[in-house]
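This report describes one protein chain for a reader who has just started the subject. Please look at the sequence and the structure before reading on.

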Amino acid sequence: MEEAPKTLAHQIGGIQNDALRFGLHGVKSDLVGSHPLEAAHRSIIKNQEDMKRKVLANTYGSAFPLKMDLDRQILSRFQRPPGPIPSSMVGLEAMTGSLDDFGFEDYLNDPRESEVYRPQDMHHGMEVRLGISRGPVCPSFV
């Protein structure tokens, strides 16, 4: 006796066709790449992290960066279920040092407090997390 598949097919031909859950598909995000400064910023951050790993390996031994990677993986998995209260990830931010960073949301408002922000559908978010459904957990803006 064959068991029915546990996933729901929301994609046909690689395009998400569930307009009620994911909204209408736009092609602008597919055509326009990121800003050149964003790519440069990412490469600078990666180089800084690599240099920090080398310094820590030379100072404390080669096992210390590996332990930090394991801690980072463990702390990145602790999340609240999808819903109206987002995960804060304070442990991961404290370990990586990003608590000290001053981002745009610190002085321009949090994008989740916008009038056009759509709250997450908790049921669909849990379906995606458990592998029952496909697609993004939540379309972020209307």
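## Around helix α3

Helix α3 covers residues 36–60, which is 25 residues. From its first C-alpha to its last, α3 reaches 36 Å, close to the 36 Å expected at 1.5 Å a residue (the expected span is 1.5 Å times one less than the number of residues).

The model is predicted: local features need pLDDT of at least 70, side-chain atom pairs count only at pLDDT 80 or more, and totals for chains, interfaces and linings use all residues. Residues are numbered from 1 along each chain as its sequence is written, and side-chain values use heavy atoms, with hydrogens and water left out.

## One aromatic pair

The structure holds one aromatic pair. The ring centres of tyrosine 60 and phenylalanine 64 are 5.1 Å apart and the planes stand at 45°, so the pair is tilted (rings of Phe, Tyr and Trp, its six-membered ring, pair if their centres lie within 6.5 Å; planes under 30 degrees apart are stacked, over 60 edge-to-face, the rest tilted).

Tyrosine 60 is exposed, at 58% relative accessible area, while phenylalanine 64 is partly exposed, at 30% (buried means under 20%, exposed over 50%, partly exposed in between, with a 1.4 Å probe and protein chains only).

## The chain as a whole

The chain has seven helices and two strands (DSSP runs, numbered from the N terminus: helices are H or I with at least four residues, strands E with at least two). From the N terminus on, the order is β-β-α-α-α-α-α-α-α. Of the 142 residues, 11% count as buried.
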